[in-house]
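This report walks through a two-chain model for a reader who is meeting it for the first time. Please keep the sequence and the structure in view while reading.

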Amino acid sequence: MNIENMKSQMRKGMLEFCVLLQLAKGDAYASEIITKMKEAHLIVMEGTLYPLLTRLKNDGLLCYRWEESPSGPPRKYYSLTQSGREFLFHLESSWHELEKSVNHLLQSHDNQNTEIQ
Amino acid sequence: MKRTFTANIDGQIFNIDEDAYQLLQTYLEQLHQTFGNAEGAEIVGDIESRIREIFAEKTRGGASVIVLDDVSRMIGTMGSPADLGEANSLSGSVPPPMEEVDVEVCGAPEPRKPQKKLYRNMQNKMFGGVFGGLATYLGWNATIMRLLYVVLTVCTYFWPLVAAYLLAWMIIPAAVTRRQRLQMMGRPVNVESVGQSVMEDSNMCGLGDPDGVVDGAGGWAEAFGIIGKIVMATVGIIGTLIIIGCSVAVMVFGAAVVAYAVIGSGVMLATMGMNIYLASSVLMFVLFGLLLGISLVWLAATVVFRARGAGKALTVTAIVLMLLFLGGGIVLSILGQNPMF
């Protein structure tokens, strides 16, 4: 098992959740989302975001509209749909559960480590 | 000095270097392949608009042209098609079936070898590049194959192998674009290899044709080597002889058949020792021969004198006629020995 592969899989699993979280704060176009995700170190390659957005849109979690931009052609602004909001709500609660269980294990793991040291 | 193209990327016009353009085109093509059809068009469209943003930033910074380095850097930021394809399948809504995962974990990590494709090698050619291509495909030596072919051709009284060569020449496509050349060598066609081949070409200081087009505006004649031209000149002479021979034959047999059909006189036929059926088939045969001669001469002229206007269609006609001629010859020789006639 490759550590880099494992890491990127973990990150990828979180990416959709984080994109939905970002869009819950307000509508955004792809480049804005990319900037945020890059700031959070969630994506390395920008291209990964586009198939993900399209899939979320085709699954009915997102919708988009065209909006004029001050520079260049119109932009595609994404926003959450109603089912997107519900989906995000479920993801959030399951994230909190997951966080709790992982933290629980992590704490006992950390305690063990300090004991060894 | 480099040639530049004007490219419309998502509604904005960019000046882009030729090599950069090629790399970008390959990149987009590969993205299309990676993401499939229905969704793919939309995804690639979105990515294109991002590319426009990246390039627009570049030109706003004062750059007047997009160079190879800009495209490479953009691909570095966006991710190579292989990476994106992997990411796409990993985070896909459908989890991969268990067996597949098992196989991947247990099986030896064997990198998929790109398949070689058979093309005519336009960089290694004497005539049409058939043997250059075959040699590249099979990994043999082209010169040895050519020598062997010449020997075999002489041993088999020319026609069969010459026809085989011409057929192969028609059927096997020429490796014209960079993508085809890479496929011919069995190198993977991806952003890395195209980028590398662009570099190789520019390192050759213009020895390689920059846009990878051999069969281009210069026309058909460029596709032939010196030996090819000599061979075609011979073909032209043979064609001329065929025309002369067949014209005489058409007149003689035509006169005999017309005499029989119109006047009812079988004298000419009788002197030739033929009946009307055989004479008519011979007439058909020599008419085909006449057409064959004309197309051979025309074909040769287009190559030797660089005349315009001939192409695959003419080659096809010539070869079809040649096959008819050969077939007719065989049928006639069988009929001629038949006592029924």
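## The hairpin of chain B

Strand 1 of chain B and strand 2 of chain B form a hairpin that leaves two residues between the strands, and in its turn Asp10(B) has a positive phi of about 50°. The model is a predicted one, and the description that follows should be read with that in mind.

In general, the strands of a sheet pair through backbone hydrogen bonds, in either a parallel or an antiparallel manner.

## Chain B as a whole

The secondary structure of chain B amounts to 14 helices and two strands. Chain B has 341 residues, of which 28% count as buried. When contacts in chain B between residues at least 6 apart in sequence are considered, 65% of them join residues at least 24 apart.

Among the helices of chain B, helix 11 (residues 226-263) and helix 13 (residues 276-304) pack with their axes 7 Å apart and at an angle of about 155°. Because this angle is over 145 degrees, helix 11 of chain B is roughly antiparallel to helix 13 of chain B. The crossing of helix 11 and helix 13 of chain B is left-handed, and the residues of their contact divide into 29 nonpolar, eight polar and one charged.

## Two partly exposed residues of chain B

Met272(B) has its place in helix 12 of chain B, which covers residues 267-272. Is Met272(B) buried, exposed or partly exposed? Met272(B) has 14 other C-beta atoms within 10 Å, and it is therefore partly exposed, since that class lies between the 12 or fewer of an exposed residue and the 20 or more of a buried one. Met272(B) and Val252(B) are separated by 20 residues in sequence, while their C-alpha atoms are 9.9 Å apart in space.

Arg179(B) is found in helix 9 of chain B, which covers residues 178-185. Arg179(B) also counts as partly exposed, because it has 19 C-beta neighbours inside 10 Å, and a buried residue would need 20 or more. From C-alpha to C-alpha, Arg179(B) is 9.4 Å from Ser193(B), and the two are 14 residues apart in sequence.

## Chain A and its sheet

Chain A has four helices and three strands, and, read along the sequence, these follow the pattern α-β-α-α-β-β-α. Of its 117 residues, 24% count as buried. Among the contacts in chain A with a separation of 6 or more, 46% are accounted for by residues 24 or more positions apart.

The three strands of chain A form an open sheet in the order 1-3-2, with antiparallel pairing. Strand 1 (28-29) and strand 2 (62-67) of chain A each have a single partner strand and stand at the edges, so one side of each is left without a neighbour in the sheet. Strand 2 of chain A pairs with strand 3 (residues 75-80) of chain A over six bridges in the antiparallel sense, and Tyr64(A) stands opposite Tyr78(A), a residue of strand 3 of chain A. Helix 3 of chain A lies across strand 2 and strand 3 of chain A and runs at about 110° to strand 2 of chain A.

## Helix packing in chain A

The axes of helix 1 of chain A and helix 4 (residues 82-116) of chain A come within 10 Å and cross at roughly 120°. Helix 1 and helix 4 of chain A are therefore oblique to each other, and helix 1 of chain A passes helix 4 of chain A in a left-handed crossing. On the side of helix 1 of chain A the contact is made by Phe17(A), Leu20(A), Leu21(A) and Ala24(A), and on the side of helix 4 of chain A by Gly84(A), Phe87(A), Leu88(A), Leu91(A) and Trp95(A). The residues of this contact divide into eight nonpolar, one polar and no charged.

## Where the chains meet

In the contact between the two chains, 20 residues of chain A touch 23 residues of chain B. On the side of chain A, the elements that give two or more residues are helix 1 (3-25), helix 2 (30-39) and helix 3 (49-58) of chain A. The largest share of that side, six residues, comes from helix 3 of chain A. The residues of chain A on this side divide into seven nonpolar, seven polar and six charged.

Methods:
Residues are numbered from 1 along each chain as its sequence is written. Chains are lettered from A and ligands numbered from 1 in the order in which they are written. This is a predicted model: local features need pLDDT of at least 70, side-chain atom pairs count only at pLDDT 80 or more; totals for chains, interfaces and linings use all residues. Two strands pair if DSSP finds at least two bridges between them. Two residues are in contact if their C-beta atoms, placed from the backbone, lie within 7 Å. Ala, Val, Leu, Ile, Met, Phe, Trp, Tyr, Cys and Pro count as nonpolar, Asp, Glu, Lys and Arg as charged, and the others, Gly among them, as polar. Axes are lines fitted to C-alpha atoms, for helices over the stretch in contact, and angles run from 0 to 180 degrees between N-to-C directions. Angles under 35 degrees count as roughly parallel, over 145 as roughly antiparallel, 65 to 115 as roughly perpendicular and the rest as oblique. A crossing is left-handed if the near helix is turned anticlockwise from the far one by less than a right angle, and right-handed if clockwise.
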